[in-house]
Amino acid sequence: ERYDALGRPFEARFAALDAFHQDWSPIIPKEEIFDAISCQFALHYCFDEESTAKHTLRMVSQHLRKGGAFFGTIPDASTIME
């Protein structure tokens, strides 16, 4: 809704899925490649198990154009606890 309200100022695609535990291909075909992939303040969820982290990185790698950018932000638990 926000993207639409801004008048679609750039080309973007949004998808809602459990990006850390599910295969992305039902929503994003394997041949679809992106210039940038962003995961803000949720990336820490992929570190519940090593296999989950590897799956997440594999999905990002499959869909990120060579030379593309991955933006990921992980909150600092120590700062949150303060």
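**View 1. Helix α2 spans residues 50–63**. Its 14 residues reach 20 Å from the first C-alpha to the last, close to the 20 Å expected at 1.5 Å a residue; the expected span is 1.5 Å times one less than the number of residues. Helices (DSSP H or I, at least four residues) and strands (DSSP E, at least two) are numbered from the N terminus. The model is predicted: local features need pLDDT of at least 70 and side-chain atom pairs count only at pLDDT 80 or more, while totals for chains, interfaces and linings use all residues. Residues are numbered from 1 along each chain as its sequence is written, and side-chain values use heavy atoms, without hydrogens and water.

**View 2. The buried residues of α2 are T52, A53, H55, T56, M59, V60 and H63**. Buried means under 20% relative accessible area, exposed over 50%, and partly exposed in between (1.4 Å probe, protein chains only). These residues lie on the same side of α2 because they cover an arc of only 160° around the axis, taken from the directions from the helix axis to the C-beta atoms. On the other side of α2, E50, L57 and S61 are exposed.

**View 3. Strands β1 (34–40) and β2 (64–73) are part of what covers the buried residues of α2**. Contact here means heavy atoms within 4.5 Å.

**View 4. The chain has 3 helices and 2 strands**. From the N terminus on, their order is α-β-α-β-α. Of the 82 residues of the chain, 22% count as buried. The C-alpha atoms fill a box of roughly 40 × 30 × 25 Å, taken along the principal axes.
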